[in-house]
Amino acid sequence: MAQRNEAEAHKMGADTHFPGAWTGDVWKVVSILKKFRKDLRVHCFSAAPTGLVLITNLDPSSTILRDNYLDLVEEYGKIPNDQATIEAFYDGIELLAPEDAVRDFDHSLFFRV
C-alpha cells in the first residue's frame with residue numbers, strides 16, 4: 001500500500017495479521033497532526049486491514065505543516081518503524097470501533113439542496 005514495490009510490501013507485511021497490507025510509516029502522520037495541529041479532531045479506527053483515520057475540523061488556511069515540513073521530515077524520519085515503536089504508538093491512542101465512525105452521522109448532509 002505504501003510500498004511502490006508490491007513484492008516488498010508483501011514481504012514487510014508477511015508477519016502481520018494482514019499479510020500484504022503494509023503501509024510503511026504513514027502511522028506517524030497521526031502523531032504529527034496531534035502535536036502540530038491541535039485544532040484538528042483526529043479519530044483512529046480499528047478498521048482492517050491497516051486502520052482508518054478520520055480527521056475533521058479542517059482549516060484550509062493553516063500553513064503550520066507546510067511551514068515546518070522539512071523539520072517534520074527530519075524529526076519524524078528518525079523515529080524507528082519497528083514493531084516496538086508501532087506498538088507504543090497504538091498504546092498511546094484511543095482506537096475506536098469502525099462502526100463508531102458513522103454512529104449518529106447526519107446523512108442528510110449529502111442530500112441538501
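**Figure 1. Overall layout: five helices and three strands make up the secondary structure of the protein chain.** Helices here are DSSP runs of H or I with at least four residues, strands are runs of E with at least two, and both are numbered from the N terminus. Reading from the N terminus, the order is α-α-β-β-α-α-α-β. Keep in mind that this is a predicted model, where local features need pLDDT of at least 70 and side-chain atom pairs count only at pLDDT 80 or more, while totals for chains, interfaces and linings use all residues. Residues are numbered from 1 along each chain as its sequence is written, and side-chain values use heavy atoms, with hydrogens and water left out. Of the 113 residues in the protein chain, 21% are buried (under 20% relative accessible area with a 1.4 Å probe, protein chains only; exposed is over 50%, and partly exposed is in between). Take the contacts (heavy atoms within 4.5 Å) between residues at least 6 apart in sequence: 53% of them join residues at least 24 apart.

**Figure 2. Helix α2 against helix α4.** Residues 28-36 form α2 and residues 69-77 form α4; the two pack at about 125 degrees with axes 11 Å apart. That angle makes α2 oblique to α4. The crossing is right-handed. On the α2 side, the residues that meet α4 are Lys28, Ser31, Ile32, Lys35 and Phe36, and their partners are Leu72, Glu75, Tyr76 and Gly77. Sorted by class, this contact has four nonpolar, two polar and three charged residues. For the terms: axes are lines fitted to C-alpha atoms, for helices over the stretch in contact, with angles from 0 to 180 degrees between N-to-C directions. Angles under 35 degrees are roughly parallel, over 145 roughly antiparallel, 65 to 115 roughly perpendicular, and the rest oblique. A crossing is right-handed if the near helix is turned clockwise from the far one by less than a right angle, and left-handed if anticlockwise. Ala, Val, Leu, Ile, Met, Phe, Trp, Tyr, Cys and Pro count as nonpolar, Asp, Glu, Lys and Arg as charged, and the others, Gly among them, as polar.

Figure 3. Ile32 lies in α2 and counts as buried at 15% relative accessibility. Beyond its neighbours within four places in sequence, Ile32 is in contact with Arg37, Leu65, Leu72 and Tyr76. Leu72 is 40 residues away from Ile32 in sequence, yet their C-alpha atoms are 7.8 Å apart. Arg37 sits in the loop between α2 and β1 and is buried too, with a relative accessible area of 7%. Setting aside residues up to four places away, Arg37 touches Ile32, Asp59, Ser62, Ile64 and Leu65.

**Figure 4. The largest nonpolar core.** Nine residues build this core: Trp27, Val30, Leu33, Leu40, Val42, Cys44, Ile86, Phe89 and Ile93. Such a core is a set of buried Ala, Val, Leu, Ile, Met, Phe, Trp, Tyr and Cys residues joined through side-chain atoms within 4.5 Å. Helix α2, strand β1 (41-45) and helix α5 (83-91) each give two or more residues to the core.

Figure 5. Trp27 is in the loop between α1 (6-12) and α2, and is buried at 12% relative accessible area. Trp27 and Ile86 are 59 residues apart in sequence, but 8.1 Å apart from C-alpha to C-alpha.
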